[in-house]
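I opened this structure to look up its fold, its strands and its charged pairs. My entries follow the display.

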Amino acid sequence: MKHRNDSKAAAGPSQRQLRVGEEIRHVLSDILMRTEFHDPILAREHLTVSEVRMSPDLKHALVFATVLGQKDIRPLLPALKRVAPYLRAQMAPRLGLRVAPELKFVADEALDEATRINKLLHSPEVTRDLGPDKKD
């Protein structure tokens, strides 16, 4: 038996989820750019929010973050977790939502994955398999 909400979950995020996620991304980027938090570990880093995925009820936000300069953000995730309540409080008045979502920061590995695939595609083995007439 299929439920009515099953098709919505399979269809992906709603327009509202996408819109709120994008608004949160902008607000967080602005706060992080101005280093409005007082954490010495984060103050010296240039953080970027690449994507925010919202839960269907808009109470939880999964924040994909990176550090400019190809540095690993994983060591900074505990510091971001510590400042998340402060960031949430700073976001609340700017969003106009009834409830500001809880923030969970994760490393954005999309650039790392793209770099890995690019290196793989330009490896000698793949170049050899493409042959002389199929190269860039």
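The entries below go from the overall fold to single residues.

**Entry 1: overall fold.** I noted at the outset that this is a predicted model. I counted the secondary structure and got six helices and three strands. Reading from the N terminus, I wrote the order of elements down as α-α-α-β-β-α-β-α-α. The protein has 136 residues, and 32% of them count as buried. I then looked up the accessible surface, which comes to about 9700 Å². Carbon and sulfur atoms account for 55% of that surface. For contacts between residues at least 6 apart in sequence, I found that 62% join residues at least 24 apart.

**Entry 2: the strands.** I started with β1, residues 47-54, and its pairing with β2. The two strands run antiparallel and are joined by seven bridges. They form a hairpin, with five residues between the strands. In the turn I checked L58, which has a positive phi of about 60°.

For A65 I recorded A107 in β3 as the bridge partner.

Is β2 largely enclosed, or is it open? Six of the eight residues in β2, residues 60-67, are buried, so the strand is largely enclosed by the rest of the structure.

**Entry 3: D39.** I picked D39, which sits in the loop between α2 (15-33) and α3 (40-43). Is D39 buried or exposed? Its relative accessibility is 8%, and because the buried class covers values under 20%, D39 counts as buried. I then asked which residues D39 touches, leaving out those up to four places away in sequence. The residues are A79, R82 and V83. D39 and V83 are 44 residues apart along the chain, yet their C-alpha atoms are separated by 7.6 Å.

**Entry 4: salt bridges.** I kept one general point in mind: side chains of opposite charge can pair when their charged atoms come close. A search of the whole structure gave five salt bridges. I wrote down several of them.

The side chains of D30 and R34 meet at 2.5 Å, N to O. D30 has a relative accessible area of 24% and is partly exposed. R34 is also partly exposed, at 45%.

The side chain of R53 meets that of E51 in a salt bridge of 2.8 Å, N to O. R53 is partly exposed, with a relative accessible area of 45%. For E51 the relative accessibility is 31%, which counts as partly exposed.

The side chains of D72 and R74 form a further salt bridge, at 2.6 Å, N to O. I looked up the exposure of both residues. D72 counts as partly exposed at 43% relative accessibility. R74 is partly exposed too, with a relative accessible area of 37%.

How values were computed:
Residues are numbered from 1 along each chain as its sequence is written. This is a predicted model: local features need pLDDT of at least 70, side-chain atom pairs count only at pLDDT 80 or more; totals for chains, interfaces and linings use all residues. Side-chain values use heavy atoms; hydrogens and water are left out. Buried means under 20% relative accessible area, exposed over 50%, partly exposed in between (1.4 Å probe, protein chains only). Helices (H or I, at least four residues) and strands (E, at least two) are DSSP runs, numbered from the N terminus. Two strands pair if DSSP finds at least two bridges between them. Contact means heavy atoms within 4.5 Å. Accessible areas come from the Shrake-Rupley method with a 1.4 Å probe; for residues, only the protein chains shown count as cover. A salt bridge is a side-chain nitrogen of Lys or Arg within 4 Å of a carboxyl oxygen of Asp or Glu.
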